Amino acid sequence: MNCPYDASKNTSENDEVKNVRDMEDSIHTDFNDDMSYGDYLCLEQILSAQDLRSNVHDEMLFITIHQTSELWLKLAGFELNEAIKNVQDLDFGHAFKVISRVKQILSQLTQSWSILSTLTPVDYLKFRDSLGHSSGFQSYGYRKLEFLLGNKNESLIKVHESNPIIYAELKGILQKPSLYDEVIKILHKQGLAIDEEALNRDFSQPYQASKSVLNAWLKIYQNSEKYFELYELAEKLLDIEDAFQQWRFKHMYTVQRIIGNKMGTGGSSGVGFLKKALDISFFPELFELRTHL
């Protein structure tokens, strides 16, 4: 015969179950003369930066998603600059770590669109006019990221001419070799034949696929043990492009879900303009070589 469980047998009459975590005496509580968590992170400035332009509840969601996305974009750009330096220094181990981090940042950004997609078309239209001509197209964090990866287009920075500091920064990145340009230089330094036009091109122009670069990657993949670090670097680059394209697609799909085929607030064609980005590859030879293996 089974007996019912009696909790009283395991708890004395004087014991009390506390549904609370007691404060520990060692925890610091006086921050009159010491730096607190909020001080370190400048939370007063960050958490007071949500300036709603309407009385619509869902505008808070819209602003928060885009502000946090800009922080992630800033970190991704910071990490890509480090990756470029690592590649220049032939520090592949650290480059792999940093590139993997960028991939995870892009995955985080992709997830944020799922949160924004809880915004219905009716709710968005209640405050859309409050945006004026502001648009994600004007995100210099995003443009910086694309330029660092190699998607160069000088006409896209015209929207930043009103801010000389930002414009100068983007102009500088536009004219410098991208991450992929630096990788191609390394292929050449490792003894792989790369045409001069791919090595010393006008870096402010969009990258165009090169037959010599394709052949170099083919040789690396066909001799992956000999060129293991370069082979692994190629796969890390593809991880970034994969994550970036997923982010682009989710962005486009979320916009389509909320505004359909309306024009963007910044004047673009909206979804049609976003779809064109899906056809752009940062590392075209890394995809083409798979056909030839």
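In the predicted model, a nonpolar surface patch of about 500 Å² is formed by M35, Y37, Y40 and L41. One of these residues, Y40, belongs to helix α1, which spans residues 37-40. The relative accessibility of Y40 is 59%, and because residues with over 50% relative accessible area are classed as exposed, Y40 counts as exposed.

The confidence of the prediction was considered next. The mean pLDDT of the protein is 93, with 95% of its residues reaching 70 or more. Among the elements of the protein, the highest mean pLDDT, 98, is found for helix α10 (residues 211-222), whereas the lowest, 91, is found for helix α12 (residues 271-277). Where pLDDT is low, the predicted coordinates should not be read in detail.

The relative accessible area of R248 is 5%, and since buried means under 20%, R248 is buried. Two polar partners of the R248 side chain can be described. With the side chain of Q245, the side chain of R248 makes a polar contact at 3.1 Å, while a polar atom of the R248 side chain also lies 3.1 Å from the backbone oxygen of I280. When residues up to four places away in sequence are not counted, R248 touches Y142, E146, N151, A277, L278, I280 and F282.

Key
Residues are numbered from 1 along each chain as its sequence is written. This is a predicted model: local features need pLDDT of at least 70, side-chain atom pairs count only at pLDDT 80 or more; totals for chains, interfaces and linings use all residues. Side-chain values use heavy atoms; hydrogens and water are left out. Patches are made of residues with over 30% relative accessible area and no salt bridge: like charges are joined within 9 Å, nonpolar side chains (Val, Leu, Ile, Met, Phe, Trp, Tyr) within 5 Å. Accessible areas come from the Shrake-Rupley method with a 1.4 Å probe; for residues, only the protein chains shown count as cover. A salt bridge is a side-chain nitrogen of Lys or Arg within 4 Å of a carboxyl oxygen of Asp or Glu. Helices (H or I, at least four residues) and strands (E, at least two) are DSSP runs, numbered from the N terminus. Buried means under 20% relative accessible area, exposed over 50%, partly exposed in between (1.4 Å probe, protein chains only). pLDDT is the predictor's confidence in each residue, from 0 to 100. A polar contact is a pair of N or O atoms within 3.5 Å; within protein, one must be able to donate a hydrogen and the other to accept it, and residues adjacent in sequence count only if both atoms are side-chain atoms. Contact means heavy atoms within 4.5 Å.
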